[in-house]
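Thanks for coming. I have one model to go through today, and I will keep it short. Please look at the structure on the screen.

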Amino acid sequence: METKKTIFSGIQPTAVFTLGNFLGAIKNWGALQDSFDCVYSIVDMHAITVRQDAAKLREQTLKSYALTMACGIDPEKSALFIQSHNPHHAEMNWILSCNTQFGELSRMTQFKDKSEKHPDDINAGLFTYPVLMAGDILLYQADLVPIGIDQKQHLELARNVAERFNFRYGDFFTVPEPYIGETGAKIMSLQDPTKKMSKSDDNPNASVYILDDRNSIINKFKRAVTDSETEVRFDAEKKPGISNLMTIFSACTGKSFDEIEKTFSGHGYGDFKSAVGETVADCLKPIQDKYNSFIKDRDYLKNCYTEGLKKAMKISGKTLSKAYRKVGFVDKP
Ligand code: TRP
């Protein structure tokens, strides 16, 4: 029997996903489920490295779980679980912490950025965040990790930690590779198309959220910043706004840039923006319908994350007990 490669990815439950998260990442996760053994986690333990309101985090974690399913992750095919439910992550974190250098963590740009953003709460968890993330990946012996460019340095650290452990204790961890999807579109802010669309943008018109209603979606696209020309043409450098809208339209419809240029030639930006808004609203509608039915059915959700946890722990448990042996802990009685 041919063994499938393993994929691991994690998503923070801190806010509703944006259209950028969906088209750039989560949409691909679903497509990977048939060719790979997929393990996906809602990483609430990472979320508390910055201050969270407890009630909100709890609710947001369940919402993210439901939303991930609505976006096409099938809990029957993949192991989809909530990180804090699996104690192996905290346990592996300690082993890996003892195999990670202070110096390498100090070089993480995300740590530096977040420390600047939260100068009153530079906690140890924020510093060791990449170690927890390395554990997520290594516990499942993942071959591939779909990530955005902002997580590349963290994945590089996970690789270094795995290699160091393997060198010290004998080959053990699979050294993970980044998985760069074919269709993973990079979606930019609608208000500043030179900046990535972000969950945490202060300008509500900059990001389209997966659960936005039809009217707000259409209005956000109407207000999208473009340029002073009139021609719908792809030119990421000179026309970043229009190019971003074309990328979104193409990702939703499967149409090529050529086709889009032909369809909208002579139409001007107004028509095009409306068409993109309508198309995105249509594209998100089935996801929103599914989300609404999942989030109402708490028993079903619980059943899914319980089963997901069982699948995850079966794999992570094996890795953890082997790692405990490797470092010299006495077998648990
Ligand atoms: N740090 C990732 C992010 O903010 C989330 C994450 C946690 C993750 N653990 C992971 C991503 C493991 C990939 C693999 O996007």
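Nine residues of domain 1 touch nine residues of domain 2. This is a predicted model, and the domain assignment gives domain 1 as 6-184 + 298-327, with domain 2 as 214-291. Taken over C-alpha atoms, the domain centres are 32 Å apart.

How much area is buried between domain 1 and domain 2? The figure is about 770 Å², and carbon and sulfur atoms give 81% of that. On the domain 1 side, Leu-19, Leu-23 and Ala-70 supply 56% of the area buried against domain 2, more than any other three residues.

Now the polar side of this interface. The rule finds zero salt bridges between domain 1 and domain 2. One residue pair is in polar contact across the two domains, both residues being at pLDDT 80 or more. As for where the domain 1 side comes from, helix H1 (19-32) and helix H3 (54-70) each supply at least two of its residues. By type, that side has seven nonpolar residues, two charged and no polar ones.

One more residue, His-154. His-154 sits in helix H8, residues 152-169. Is His-154 buried or exposed? Its relative accessible area is 4%, under the 20% cut-off, so His-154 counts as buried. The His-154 side chain makes a polar contact of 2.9 Å with the side chain of Gln-151. Leaving aside neighbours within four places in sequence, the residues in contact with His-154 are Met-108, Gln-110, Tyr-129, Pro-130 and Met-133.

That is what I have; questions are welcome.

Definitions and conventions
Residues are numbered from 1 along each chain as its sequence is written. This is a predicted model: local features need pLDDT of at least 70, side-chain atom pairs count only at pLDDT 80 or more; totals for chains, interfaces and linings use all residues. Side-chain values use heavy atoms; hydrogens and water are left out. Domain bounds come from an automatic or database domain assignment. Contact means heavy atoms within 4.5 Å. Buried area is the accessible area (1.4 Å probe) that two parts lose on being put together, summed over both. A salt bridge is a side-chain nitrogen of Lys or Arg within 4 Å of a carboxyl oxygen of Asp or Glu. A polar contact is a pair of N or O atoms within 3.5 Å; within protein, one must be able to donate a hydrogen and the other to accept it, and residues adjacent in sequence count only if both atoms are side-chain atoms. Helices (H or I, at least four residues) and strands (E, at least two) are DSSP runs, numbered from the N terminus. Ala, Val, Leu, Ile, Met, Phe, Trp, Tyr, Cys and Pro count as nonpolar, Asp, Glu, Lys and Arg as charged, and the others, Gly among them, as polar. Buried means under 20% relative accessible area, exposed over 50%, partly exposed in between (1.4 Å probe, protein chains only).
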